Amino acid sequence: MEKIPMTRAGFDQLDEELRVLKTTERPAVIKAIAEAREHGDLSENAEYHAAREKQSFLEGRIKELEVILSRAEVIDPAKLSGSIKFGASVVLLDEDTEEEKSYQIVGEAEANLEKGLLNMRSPLARSLIGKEEGDVVEVTTPGGRKSYEVLAVKFE
């Protein structure tokens with residue numbers, strides 16, 4: 001099976017989510033199902049159906065996290081250097097708006113654009129890989145073509 005590259009922080013975050021789901025969320029849903037069953041007729045019991053639906057979602061997420069964590073390859077960006085690659089923290093200058101943006105290139109499982117964690121398979125990350133400080137990259141985005149200058153590359 002293919003390994004899933006991940007930073008230590010990303011691994012720890014997913015591991016904590018799995019722990020909470022198993023130790024807190026799962027028992028709460030099981031209790032809610034038991035309580036809803038006590039209300040009688042299950043065919044018209046909205047609480048029961050809602051709890052079963054939540055349980056189904058929860059079990060799916062637990063399985064998904066277990067697979068991701070079992071295939072995770074934790075990479076320490078601090079041990080890397082050179083051009084942009086997985087784990088790099090980059091500062092970009094949007095050449096249209098003159099706005100600076102900071103991202104860290106991470107694996108798909110830990111990506112979160114709002115936190116500046118850029119999926120390594122995204123168009124922007126793919127265009128950045130192999131580039132260095134001072135390089136300019138052109139990216140086709142849903143909003144059109146964008147041009148960015150790489151201001152800084154760090155591995156931390």
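User: Which residues are linked with Glu2 in a network of salt bridges?

Analyst: This is a predicted model, in which local features need pLDDT of at least 70 and side-chain atom pairs count only at pLDDT 80 or more, while totals for chains, interfaces and linings use all residues. Residues are numbered from 1 along each chain as its sequence is written, and side-chain values use heavy atoms, with hydrogens and water left out. A salt bridge here is a side-chain nitrogen of Lys or Arg within 4 Å of a carboxyl oxygen of Asp or Glu. By that rule, the residues in the network with Glu2 are Glu108 and Arg121.

User: How many residues apart are glutamate 2 and arginine 121?

Analyst: Their side chains form a salt bridge, 3.2 Å from N to O. Glutamate 2 is in the segment before β1 (4–6), and arginine 121 is in the loop between β5 (117–119) and α3. Helices (H or I, at least four residues) and strands (E, at least two) are DSSP runs, numbered from the N terminus. The pair links distant parts of the chain, and the separation is 119 residues.

User: Why are arginine 19 and glutamate 16 separated by about one helical turn?

Analyst: The two form a salt bridge whose closest N and O atoms are 2.7 Å apart. Arginine 19 is partly exposed at 43% relative accessibility, a class between buried (under 20% relative accessible area) and exposed (over 50%), using a 1.4 Å probe and protein chains only. They are about one helical turn apart because both lie in helix α1 (residues 8–37), at a spacing of three residues.

User: Which strand pairs with β3 in the antiparallel sense over six bridges?

Analyst: Two strands count as paired if DSSP finds at least two bridges between them. Leucine 92 faces valine 150 in β7. The partner of β3 (residues 89–94) is β7 (residues 144–154).

User: How many residues are in the largest nonpolar core?

Analyst: A nonpolar core is a set of buried Ala, Val, Leu, Ile, Met, Phe, Trp, Tyr and Cys residues joined through side-chain atoms within 4.5 Å. Ile84, Val90, Leu92, Leu124, Leu128 and Val153 touch the most other members. Elements that give two or more residues to this core are β3, β4 (100–106), α3 (123–128), β6 and β7. The core holds 18 residues.
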